Amino acid sequence: MPNSSKGNQICTLVIFGATGDLTHRKLIPALYHLKLEGLLSSKVQIIGFARQSKTDAEFRTGLKAAHKEVSRTLYDEEFWQVFDKQISYHQSNFDDLEGYKSLEAKLQAYEKENNTPSNRLYYIASSPSFFGPILDFLKQSGANNSVDGGWRRVIIEKPFGTDYDSACKLNQAVAGSFEEADTYRIDHYLGKETAQNIMVLRFANTIYESLWNNRYIDQIQITVAEDLGMEAGRGAYYDQAGALKDMVQNHLLQLLTLVAMESPVDLSADAVRDEKVKVLRSLQRLDTPEKVKKNTVRAQYAQGSVKGEAVPAYVDEDRVPKDSKTETYVSLRLFVDNWRWKGVPFYLRVGKRMAKKSAQISIFFKQVPSVLFNENQKLAENVLMIKMQPDEGVAMKLMSKVPGSSFELKPVDMNFDYETTFAKQSAEAYERLLLDTMSGDATLFIRKDEVEEAWKFIDDLTAVWKEESNDIDLAVYEAGSWGPAEADALISKMRHQWLEI
Ligand SMILES: NC(=O)c1ccc[n+]([C@@H]2O[C@H](COP(=O)([O-])OP(=O)(O)OC[C@H]3O[C@@H](n4cnc5c(N)ncnc54)[C@H](OP(=O)(O)O)[C@@H]3O)[C@@H](O)[C@H]2O)c1
């Protein structure tokens, strides 16, 4: 589990796909900030591997320009000059074995010259179609093999497969080149400070854990809303995937496991992941048309307006087919069939082009018995809100007396905001995750069985959605709204309402 003593491990980080968007906007800024915090050893070498022909200087210039735009701290040219000495470029096609061999020779020469351990971290940040081939070429070139005691680790970006079968196939490719213990399947939501805080909130506070079950909790809502539509160039990929595979299979199910899991025996990576995978196994399957119609809503955005600006319908976005039936919004009512959660609905909703960007988990506690104050006025439930985006924090909705001579009650919020409390901006998820991989801590990464279980659940559901004779409607919502009316109806079956965010 993350601890403060991490950092300054010596290794070489090779990024496959280093001229891409992820490297420019997330990985390099994350490494810069690790260095700024004194957590990145000056002996760490960062090597970008991609197809374009570039000199080291050209590569660094491109990274610098992107970093300046997105940096979460004030850009410091002098510091960048120190940092970028650690960065170089290796040009090769992903499917050219010679490129991996020359990389291996370069790494060995560097390690010998600088007398550094041969620890290697391979970050596969390419398009998913190259995940398998890159793993295979790493093996063929011997780059996966430790000859002198140094470690070899691999980080694999999302999406990890497109269904259960492809995920299993990819897992086999991974196993052919790396040990499971050295494999880090990334889900950047787990690197967010508040996601990590879910366990702390639950297992380090008596008041919450003692109430964390179906006797006291009425319902749980997990919302991940984006106000953006299709980002440039993403339309074709997104249209193949849709919101369920792009977001629910990974981020939302991961958040659900953190909220629902039992206390692990300790904080080791496997103990935590053992508990998370049990939650996935306990999920009630949505595998018949009846269950799917009762518990799911899929929808697509029509034109509308976001932040006062008119925006097009999904089917009018760049690279999206005009007759697309892909969902840009999903809401689900899920049940975790175990002793703790029997009967408690977990409502998940995720969508693009919604009213605002927000990621939040809301735990609704049961109402007090209606004997005292609530005879004449409706009492709001206590809600614990774990806020992940745009600001990170925790808030609790409580009933309070309005000052004055009468007994009028009103819901109020008790707020804890990360930035204000700790007078420090939260690190970006990729900072935490890169630090953990260098330190060999896989707690915040997805294990093989987790990814497979999640796909099994999603495959059941998509099979029903896909079958035309099941006649599952694609609902419509206006861009800039909170989703379709069908999603309100879905949760009102149990007299619940989506929390206004
Ligand atoms: N971008 C994000 O914010 C984000 C967020 C979460 C996850 N991810 C995941 O991260 C991965 C990378 O995403 P991205 O947005 O960075 O992709 P991208 O911008 O399309 O970059 C792709 C990279 O792969 C390289 N490449 C493509 N074909 C190649 C080949 N045949 N040989 C060698 N290099 C080749 C490109 O190099 P050239 O420039 O030389 O063609 C480029 O460096 C994907 O799996 C994505 O799902 C991205």
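The largest nonpolar core has 126 residues. Such a core is a set of buried Ala, Val, Leu, Ile, Met, Phe, Trp, Tyr and Cys residues joined through C-beta atoms within 7 Å. Buried means that 20 or more other C-beta atoms lie within 10 Å of a residue's own; exposed means 12 or fewer, and partly exposed falls in between, with C-beta atoms placed from the backbone. The residues with the most contacts inside this core are Phe16, Tyr123, Ile124, Val248, Leu252, Leu256 and Leu348. Helix 9 (residues 235-260) gives the most to it, with 12 residues. Domain 1 (12-157) and domain 2 (190-492) both contribute residues, so the core lies between them. In soluble globular proteins, nonpolar side chains tend to be buried together.

This is a predicted model: local features need pLDDT of at least 70, side-chain atom pairs count only at pLDDT 80 or more, and totals for chains, interfaces and linings use all residues. Residues are numbered from 1 along each chain as its sequence is written.

**Two domains**

The chain is divided into domain 1 (12-157) and domain 2 (190-492). These bounds come from an automatic or database domain assignment. The C-alpha centres of the two domains lie 33 Å apart. Across the boundary, 12 residues of domain 1 are in contact with nine residues of domain 2. Contact means that the C-beta atoms of two residues, placed from the backbone, lie within 7 Å.

Helix 1 (21-36) and strand 5 (152-156) each supply at least two residues of the side of domain 1 that touches domain 2. Helices (H or I, at least four residues) and strands (E, at least two) are DSSP runs, numbered from the N terminus. Helix 1 gives the most to that side, with seven residues. By class, the side has eight nonpolar, one polar and three charged residues. Here Ala, Val, Leu, Ile, Met, Phe, Trp, Tyr, Cys and Pro count as nonpolar, Asp, Glu, Lys and Arg as charged, and the others, Gly among them, as polar.

**The ligand shell**

Helix 1 turns up again here: it gives the most to the shell around the ligand, with four residues. In total, 19 residues surround the ligand. A residue is near a molecule if its C-beta atom, placed from the backbone, lies within 6 Å of it. The closest are Gly17, Gly20, Asp21, Leu22 and Arg51. The shell has six nonpolar, seven polar and six charged residues.

**A covered helix**

Helix 13 (residues 429-439) is mostly covered, with 10 of its 11 residues buried. Among the buried ones are Tyr430, Glu431, Arg432 and Asp436. The cover includes helix 1, strand 4 (120-124), strand 5 and strand 6 (183-185). Just after helix 13, Gly440 takes a positive phi of about 80 degrees.

How many residues of strand 12 are buried? Seven of the seven are, so the strand is largely enclosed by the rest of the structure. Pro345, Tyr347, Arg349 and Gly351 lie on one side, and Phe346, Leu348 and Val350 on the other.

Arg349 lies in strand 12 (residues 345-351). Why does Arg349 count as buried? Because it has 24 other C-beta atoms within 10 Å. Leaving aside neighbours within four places in sequence, Arg349 is in contact with Thr223, Ser331, Gly483 and Ala487. Val248 is 101 residues away from Arg349 along the chain, yet their C-alpha atoms are separated by 8.5 Å. Val248 itself touches Ala243, Leu253, Val330, Leu348, Val350 and Ile458, not counting residues up to four places away in sequence.

Strands pair if DSSP finds at least two bridges between them.

| Strands | Sense | Bridges |
|---|---|---|
| Strand 7 (residues 217-225) and strand 12 | parallel | six bridges |
| Strand 11 (residues 329-335) and strand 12 | antiparallel | seven bridges |
| Strand 14 (residues 383-389) and strand 15 (residues 393-401) | antiparallel | five bridges |
| Strand 15 and strand 16 (residues 409-417) | antiparallel | nine bridges |

Val224 stands opposite Val350 in strand 12. Leu332 has Leu348 of strand 12 as its bridge partner. Met385 is partnered by Ala395 in strand 15. Leu398 stands opposite Val412 in strand 16. A hairpin joins strand 14 to strand 15 through three residues.
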